[in-house]
Amino acid sequence: MTSASPLPPELNPPLRTLLGPGPSTVHPRVYQSMMAPILGHLDPDFLKIMDETKDLLRAAFRTQNEHTIAVSGTGSAGMEACVANLIEPGDRAVVCINGYFGERIAEMASRYGAEVVRVEAEWGSIIEPEAVEAALKAGRTKIVAIVHAETSTGILQPLSDIVRLVHAHDALLVLDSVTSLAGCELAVDDWDIDATYSATQKCLSAPPGLAPVTLGPRASAALAARETKVRSWYLDMTLLDNYWGGKRAYHHTAPISMVYALREALRLAMEEGLEARIARHRRNGEALWAGLQAMGLALHAPESYRLPVLTTVRIPEGIDDLKVRRALLYQHSIEIGGGLGPLAGKVWRIGLMGHSSLAENVLAVLQALEQQLAAQGFRLEKGSGVAAADRVLGS
Ligand SMILES: *Cc1c(COP(=O)(O)O)cnc(C)c1O
């Protein structure tokens, strides 16, 4: 900055209601935790905080897995950690792709030298077990990767049949639980998930910056049996475990304040209780669906596989996508998401994740949408959306 150009003003971002695909609204107690003093990353008091965070993470994932840590980076860093550690060049990776994030896993797996086999389905459909089985039968497979809650389509993927098939073929199931952890039913041990990664900024409602990862016994054994070094030094789970686990060897400086934030976010989730938290996400999701449908809007995901924490709603004919989203942001201070890939311009994505999943937010976004749709000439019965949502919330 030259002496001639003035300093930018003091930081003063507006207060938004975050109802997009993430980040979600950060809970005040999580903000508060981030103001705590920074400790050294090898300070025994910080190591204790890390241990507590690991225990809380195990509780949230519902696992006893020893290898349970928070990788420095966002959800994609967790994705890359799983891919980098479980793939050796030449390994066959079956990647299920029915949305944006399956595609990202395939891209990462190919960069780590995997032979990628794509199992594809429409954006808005689930992956069928038969399709996975056919791919497994066609060759010796190291991993099968699948997204639990596809934030790009609003689909919640059923897993039990697929997990059984994967293990029957001696492969590892890698699950993207970025949007499902602490918002949807997820039980890593009961469901026999070999590896999964998540993120702090979706249903945990902490800022983006850490990626919880857990590896089960089969994945840990595969890691120990590698013939080649993990190609990513930064994401090498064995090196990371030496820091998060017994040896406490320096690897990289942990993002201290983010660990505080994750710990507090997990404390909040456990205080509420996972079951109650999942029920809250479901109730608010159902209220939103009822409201949108009462306004005459169509939901993109079929009800049986609809994701409560992220709803894809079709943009009606003749409505200007960007104009509505801009008005929501600037007039109502509400953020919702636009469509990705083949759904760009076709759907809006409304997230009700973590501390964003509140009855008042459901009513506020319905009210704001009604106003903006009416302003563009969309015919609807005034107050119908809010009334329908209210009935679900009150029942
Ligand atoms: C958000 C998201 C990711 C990527 O996480 P980043 O934090 O943006 O890196 C991966 N998978 C799913 C399903 C997501 O919703």
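Does serine 205 count as buried or exposed, and at what relative accessibility?

Mentor: Happy to! Serine 205 counts as buried, because its relative accessibility is 2%; buried means under 20% relative accessible area, exposed over 50% and partly exposed in between, with a 1.4 Å probe and protein chains only. Before going further, note that this is a predicted model, where local features need pLDDT of at least 70 and side-chain atom pairs count only at pLDDT 80 or more, while totals for chains, interfaces and linings use all residues. Numbering runs from 1 along each chain as its sequence is written, and side-chain values use heavy atoms, leaving out hydrogens and water.

Serine 205 sits in the loop between β9 (195-197) and β10 (210-215). Helices (H or I, at least four residues) and strands (E, at least two) are DSSP runs, numbered from the N terminus. Most residues other than glycine have a negative phi, and most peptide bonds are trans. Arginine 62, also not a glycine, has a positive phi of about 55° as well. Its loop runs between α2 (44-61) and β2 (67-72), and arginine 62 counts as partly exposed because its relative accessibility is 27%. Another backbone feature is the cis peptide bond from glycine 22 to proline 23, with omega near 0°; proline 23 belongs to the loop between β1 (17-18) and α1 (28-33).

Now for the ligand. Of the 13 residues around it, Thr74, Ser76, Thr151, Asp176 and Lys202 come nearest, where a residue is near if one of its heavy atoms lies within 4 Å. The shell divides into 4 nonpolar, 6 polar and 3 charged residues; Ala, Val, Leu, Ile, Met, Phe, Trp, Tyr, Cys and Pro count as nonpolar, Asp, Glu, Lys and Arg as charged, and the others, Gly among them, as polar. An N or O atom in the side chain of aspartate 176 is 2.7 Å from a ligand nitrogen. For ligand oxygen atoms, a polar side-chain atom of threonine 179 lies 2.9 Å from one, and a polar side-chain atom of glutamine 201 lies 2.7 Å from one. The protein buries 90% of the 380 Å² that the ligand exposes when taken alone, with areas from the Shrake-Rupley method and a 1.4 Å probe; for residues, only the protein chains shown count as cover. Two or more residues of the shell come from each of α3 (75-86) and α4 (100-111).

Threonine 151 leads us on to arginine 349. The backbone oxygen of threonine 151 lies 2.9 Å from a polar side-chain atom of arginine 349, a residue of strand β14 (residues 347-351). Arginine 349 is buried, because its relative accessible area is 7%. Its C-alpha atom is 6.6 Å from that of valine 313, 36 residues away along the chain.

One last stop is histidine 300, in the loop between α10 (274-294) and β11 (310-314). Histidine 300 counts as buried, because its relative accessibility is 15%. Its side chain makes a polar contact with that of arginine 314, at 3.3 Å. A polar contact is a pair of N or O atoms within 3.5 Å; within protein, one must be able to donate a hydrogen and the other to accept it, and residues adjacent in sequence count only if both atoms are side-chain atoms.
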